[in-house]
Amino acid sequence: MLLMITDIYHDVILSGWVTAAILGVCLLLCRVPSRPIYMAYIRSRRILGGAYLIFGISIAQFTFFDLRSTAPYIAIALPLSYYYLEGILFGMSFCSLLDRKYISRRQIITDFSRYGVFLIIVWSGAMIAEGQLRTWLLIAGATWFFLAASGIALRFLRIYRRSVSKLNDYYSDNTEAFVKWLYKSTHGIIFLGLSGAVMSFAPQWGNAIFMFCGIIMFIYIYISMQNYILNYEEIEAAVLADENEDDRNTTAAQAVKGDLPAAIREWVNAGGYLQPGISLEDLTSAVGSNRSYVSAHINSTYNCNFREWINSLRMEHAKKMLESPQDMTIERIATASGFSTSAYFCRQFLKREGLTPTQWRENNKKHSS
């Protein structure tokens, strides 16, 4: 039994570092668009590729050297050191993907200064201290890593929420799905990273399970990063909207500001919200104002973001069509109301009304009769 666990452990470790190394090389070397707008994506991708390679190197050592038997304290300190470094790199990769200003000199000095203190603690325990002091120093190092990883995750989640808010204030469709993988990946990395602090002290079978979960997570992140490029320009347009606000028409926009409510009502009466994929930029151009004024007006007047406001208008339009005696199909109503898909329309309708469109129509018929 023990021999079988050992064989499985070595096979999983081998698979882990080979997978990480291959994915890391692909992230670093595969071609991506070289246009300036993709520079943040390219930087994030390269940092992620570096994190993958570091992970592969760290795990490979357990394939070639039996550290757990020959140097058990080094076998604890080594993965902790690598996990911490990977946590910093993953944080930089994900955060800079949504916030170009995240990677700054101050942020780099802060992260790596803390990492330096961590290395002093954990390697003092592994190489210098003895007895109870050694144990306590290694536990202190693991705790330091736990707290630092939690801090990095919290920073990302703040950036993520801010970015999602911008997306919802810029697009009428649910574009949060484009960045949802970052949210899921961060939770997975938090779980694996913090588990790694414990697994460094665990037996072989525990580390085999940990590594198997890590392989799945790394493959998911790699595929998601590859697919992210398909919607990257749309996300950048929303995330950078405030930074790229064009002030050349500020005078004209201010002139329209007083008539903005009337201009928006005219746009609504003309059915502008029925245009599929409408964005705040489209509305801004139609009313002759700028994004700041229009967004602020919608937020304050309707107490919701742009996406919620557009969806509420579309819902009311869809209800009128559902009440029509023509009994149009749900797909036709969804398309005519400006929704991207009938499935999205049904989800939003159920969320808003507590009934599916079909159920709502049947109930309405009963009440009418």
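Entry 1: I first noted the rule for angles: under 35 degrees counts as roughly parallel, over 145 as roughly antiparallel, 65 to 115 as roughly perpendicular, and the rest as oblique. The model is predicted; local features need pLDDT of at least 70, side-chain atom pairs count only at pLDDT 80 or more, and totals for chains, interfaces and linings use all residues. Residues are numbered from 1 along each chain as its sequence is written, and side-chain values use heavy atoms, with hydrogens and water left out.

I looked up helix α4 (residues 72-98) and helix α6 (residues 131-168), which pack at an angle of about 10° with their axes 10 Å apart. Axes are lines fitted to C-alpha atoms, for helices over the stretch in contact, and angles run from 0 to 180 degrees between N-to-C directions. Helices are DSSP runs (H or I, at least four residues), numbered from the N terminus. α4 and α6 are therefore roughly parallel to each other. The contact residues divide into 19 nonpolar, three polar and two charged. Here Ala, Val, Leu, Ile, Met, Phe, Trp, Tyr, Cys and Pro count as nonpolar, Asp, Glu, Lys and Arg as charged, and the others, Gly among them, as polar.

Entry 2: confidence. I checked pLDDT, the predictor's confidence in each residue, from 0 to 100. The protein chain averages 85, and 88% of the residues score at least 70. Confidence is lowest in helix α10 (residues 250-257), at a mean of 47, and highest in helix α5 (residues 105-127), at 94. Over residues 246-255 the pLDDT is below 50, and this stretch has seven contacts in the model beyond near neighbours in sequence.

Entry 3: aromatic pairs. My search of the whole structure found 28 aromatic pairs. Rings of Phe, Tyr and Trp (its six-membered ring) pair if their centres lie within 6.5 Å; planes under 30 degrees apart count as stacked, over 60 as edge-to-face and the rest as tilted. Phe90 and Phe218 form a tilted pair, 5.9 Å centre to centre with 35° between the planes. This pair links distant parts of the chain, with Phe90 in helix α4 and Phe218 in helix α8 (residues 204-228), 128 residues apart. Both Phe90 and Phe218 are buried; buried means under 20% relative accessible area, exposed over 50%, and partly exposed in between (1.4 Å probe, protein chains only).

Entry 4: a glycine. I found Gly56 in helix α2 (residues 39-64). Gly56 is buried, with a relative accessible area of 3%. Leaving aside neighbours within four places in sequence, Gly56 is in contact with Trp17 and Ala20.

Definitions and conventions
Helices (H or I, at least four residues) and strands (E, at least two) are DSSP runs, numbered from the N terminus. Contact means heavy atoms within 4.5 Å.
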